[in-house]
Amino acid sequence: MGFFEDCYLNMKSGISRAAEKTKKVLNISKIKIEMAERKNCINDKYKLIGKYVYDMHKGGEKFEIEDIADWLEEIDALSSSIEECEERLHRAQDKVCCHYCKYKNESGSKFCSNCGKKISFAKRGSKSSCENCENEENNEENVEIS
Ligand SMILES: [Zn+2]
């Protein structure tokens, strides 16, 4: 059993960059769909409220804000969950946050597109210019299979 488990783990850790990128894109579209669904939900509530108020008016009844309190609360909850989705989306898109104005810039941005200041953010996975590191990388690549 151990052997097969090891193989499985090796396969998992050896997941290609392309597969990871695909996973990332899928995750991003999943979040976007989630956001769109919640926005639709909010629009449905708006319609319900609108129709309710109209029907009250038509029936000559007095409209009270408490009557629609539940829907208003639901809209509030949906709005904050959309904000959470936005946060997750920014993280999934690897957006770079500006240290000066907190604006979320596209990944790999060198300057903030909001305030124009330089983004002093060492991007993960970027190639180091360190000679020692490069040598190490080369050594790894040059390992010969005996
Ligand atoms: Zn900025």
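This is a predicted model: local features need pLDDT of at least 70, side-chain atom pairs count only at pLDDT 80 or more; totals for chains, interfaces and linings use all residues.
Colleague: How do you know what counts as a helix or a strand?

Modeller: Both are DSSP runs, numbered from the N terminus: helices are H or I with at least four residues, strands are E with at least two. The protein chain comes to 4 helices and 2 strands. Their order from the N terminus is α-α-α-β-β-α.

Colleague: Does H3 pass the span test, or what does its value show?

Modeller: H3 has 24 residues and should span 34 Å. Its end C-alpha atoms are 35 Å apart, which agrees.

Colleague: Why is H2 called roughly antiparallel to H3?

Modeller: H2 and H3 pack at an angle of about 165 degrees, with their axes 9 Å apart. Axes are lines fitted to C-alpha atoms, for helices over the stretch in contact, and angles run from 0 to 180 degrees between N-to-C directions. Angles under 35 degrees count as roughly parallel, over 145 as roughly antiparallel, 65 to 115 as roughly perpendicular and the rest as oblique. So H2 is roughly antiparallel to H3.

Colleague: Which residue classes make up the contact of H2 with H3?

Modeller: There are 14 nonpolar, 3 polar and 8 charged residues. Nonpolar covers Ala, Val, Leu, Ile, Met, Phe, Trp, Tyr, Cys and Pro; charged covers Asp, Glu, Lys and Arg; the others, Gly among them, are polar.

Colleague: What makes isoleucine 68 partly exposed?

Modeller: A residue is buried with 20 or more other C-beta atoms within 10 Å of its own, exposed with 12 or fewer, and partly exposed in between; C-beta atoms are placed from the backbone. Isoleucine 68 has 18 such neighbours, so it counts as partly exposed. Its place is the loop between H2 (17–58) and H3.

Colleague: What does isoleucine 68 touch, leaving aside neighbours within four places in sequence?

Modeller: Ile49 and Tyr52 are in contact with isoleucine 68. Contact means C-beta atoms, placed from the backbone, within 7 Å.

Colleague: Why is glutamate 74 partly exposed?

Modeller: Glutamate 74 has 15 C-beta neighbours inside 10 Å, so it falls in the partly exposed class. This residue is in H3. Its C-alpha lies 8.1 Å from that of lysine 45, 29 residues apart in sequence.

Colleague: What makes H2 hardly covered?

Modeller: Among its 42 residues, the count of buried ones is 1. Across the 146 residues of the protein chain, 3% count as buried.

Colleague: What is the phi of aspartate 94 and of lysine 102?

Modeller: Phi is near 60 degrees for aspartate 94 and near 70 degrees for lysine 102. Most residues other than glycine have a negative phi. Aspartate 94 is in the loop between H3 (69–92) and E1 (96–97). Lysine 102 is in the loop between E1 and E2 (104–105).

Note on methods. Residues are numbered from 1 along each chain as its sequence is written. The expected span of a helix is 1.5 Å times one less than its number of residues. Two residues are in contact if their C-beta atoms, placed from the backbone, lie within 7 Å.
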